[in-house]
Amino acid sequence: MVFFRSVSALSKLRSRVVQQSSFNNSVRWLQIQTSSDLDLHSQLKELIPEQQERLKKLKSEHGKVQLGNITVDMVLGGMRGMTGLLWETSLLDPEEGIRFRNLSIPECQKKLPAAKPGGEPLPEGLLWLLLTGKVPNKEQVDALSKELRSRATVPDHVYKAIDALPVSAHPMTQFAMGVMALQVQSEFQKAYEKGIHKSKYWEPTYEDSLSLIAQLPIVAAYVYRRIYKNGQVIPKDDSLDYGGNFAHMLGFDSPDMQELMRLYVTIHTDHEGGNVSAHTGHLVASALSDPYLSFAAALNGLAGPLHGLANQEVLLWIKSVVEECGENITTDQLKDYVWKTLNSGKVVPGFGHGVLRNTDPRYLCQREFALKHLPDDPLFQLVSKLFEVVPPILTELGKVKNPWPNVDAHSGVLLNHYGLTEARYYTVLFGVSRSIGICSQLIWDRALGLPLERPKSVTMEWLENYCKKSA
Ligand SMILES: CC(C)(COP(=O)(O)OP(=O)(O)OC[C@H]1O[C@@H](n2cnc3c(N)ncnc32)[C@H](O)[C@@H]1OP(=O)(O)O)[C@@H](O)C(=O)NCCC(=O)NCCS
């Protein structure tokens, strides 16, 4: 039954592709790219005044419109359901999942340029889409790949900063350290020190963001090779695209792994603004901290087990299932193992979500990938079995708002299949991808002149008194 729900979710998504494409035609912001302009920077320059006007109009005409009521539950419950952030690059529907600039994941797979016909989207194309709201053509994506390659040189001190840590330090700690060391080159910081006019903030933010995105795979691959491959670094291959080259520098040259990396980097980029990493990046940047500082902060949030670290936890948990019960585990054994996890006060990693109330489309597209490329992989078959077994158990618990699998439930077994077996490293891959979403929004934060973030906080006493008065 669960499986049918997944299939029906997929076909629902597909039918929405058709419905949505006619809807999209009426959305001025999202246009199919016809311009031959290959320069992303000049495209943005053209778009910014129009979007600044749009924001100004929204503020002056509708600034006092109420968006909902804030309840005590919301304040005590991690601000769930409270609309409080502007995030242009993507929007999450609880049932349908993420849309990047109005495009669902299946639509992105269909419309964004790929490395080969019918292949997975190139992450550079998604970067273009997030920044401009327009679907790029292949030439534009190739030009952006080239630009990123031209920025992909990492200064020596970055490696030294990472080397100062013990090899046993968590990969996310080493990665975040590398990002902090990259900050030394921040153009935003230099421009700010020189007194740049605020109308121009977005330009050095753009410079920093593109350099950061370009250099992250090198830093990430360095961390991987340092920890797991005796420090034998693999140089970049300038004939490859962003995702393909990242897989190459990690040490994986099979065409299928390169395709997986393109898909992986594309789908993990952005998940609207309220999740811990995106919100942290946005919050820190609102103090005019540069993109390196802001993204390093975001990475530290991503390293939490309830957020990005869940992909590591999933594979470790799946392996612990196999260790205890063997690969040919029966459904009853699996149910017992899930209950054992829950009864020991732990969560079942890879299931549940703060906003989603259905199977995550990022899970479904990875499932499609597995069905196409590795249908017989025993761990994939176990993941499929979990898809049937876990949701009814979480539903039976009675308190879990979303019993369905999220993105992290699937990624580990795909990476593991191609030889990237070191689960502790997985969140670093997520981090590389997340830079594309966070940095795209940061550029718009500066272009739109968004202010310092400063919500009001209150004490329990304040809440008690307020509730007494309003009773
Ligand atoms: C993602 C997550 C943190 C969302 O948390 P949330 O918004 O508080 O979720 P809910 O409102 O459904 O939580 C209600 C209760 O159900 C529990 N719950 C939610 N998902 C659960 C899961 N996968 N396993 C066990 N219990 C779960 C929560 O811990 C909470 O219990 P509590 O009231 O005793 O504290 C949560 O689902 C989770 O911990 N999932 C596992 C980790 C994971 O996969 N994270 C990656 C997310 S992309």
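An oxygen atom of the ligand lies 3.0 Å from an N or O atom in the side chain of asparagine 406, which makes a polar contact (a pair of N or O atoms within 3.5 Å). The model is a predicted one, in which local features need pLDDT of at least 70 and side-chain atom pairs count only at pLDDT 80 or more, while totals for chains, interfaces and linings use all residues. Residues are numbered from 1 along each chain as its sequence is written, and side-chain values use heavy atoms, with hydrogens and water left out.

A polar backbone atom of glycine 350 is 2.8 Å from a ligand oxygen atom, and for a polar backbone atom of lysine 401 the distance to an oxygen atom of the ligand is 2.8 Å. On its own the ligand has 850 Å² of accessible area, and the protein covers 74% of this (Shrake-Rupley method, 1.4 Å probe). Around the ligand are 19 residues, the closest being Arg80, Gly350, Phe351, Lys399 and Lys401; a residue is near the ligand if one of its heavy atoms lies within 4 Å of it. This shell divides into 9 nonpolar, 6 polar and 4 charged residues. Here Ala, Val, Leu, Ile, Met, Phe, Trp, Tyr, Cys and Pro count as nonpolar, Asp, Glu, Lys and Arg as charged, and the others, Gly among them, as polar.

The structure also holds 12 aromatic pairs (ring centres of Phe, Tyr and Trp, the last by its six-membered ring, within 6.5 Å; planes under 30 degrees apart are stacked, over 60 edge-to-face, the rest tilted). One of them joins phenylalanine 188 and tyrosine 192, stacked at 6.2 Å centre to centre with 20° between the planes. These two residues are separated by about one helical turn because they sit 4 residues apart in helix 9 (residues 187-194); helices are DSSP runs (H or I) of at least four residues and strands runs (E) of at least two, numbered from the N terminus. Phenylalanine 188 is buried at 2% relative accessibility, whereas tyrosine 192 is partly exposed at 44% (buried is under 20%, exposed over 50%, partly exposed in between; 1.4 Å probe, protein chains only). Tyrosine 192 also pairs with tyrosine 201, with centres 6.1 Å apart and planes at 45°, so this pair is tilted. Tyrosine 201 is buried, at 12%. Elsewhere, Tyr224, Tyr228, Phe252 and Tyr425 form one aromatic cluster.

Terms used. Polar contact = N/O pair within 3.5 Å; in protein donor to acceptor, adjacent residues only side chain to side chain.
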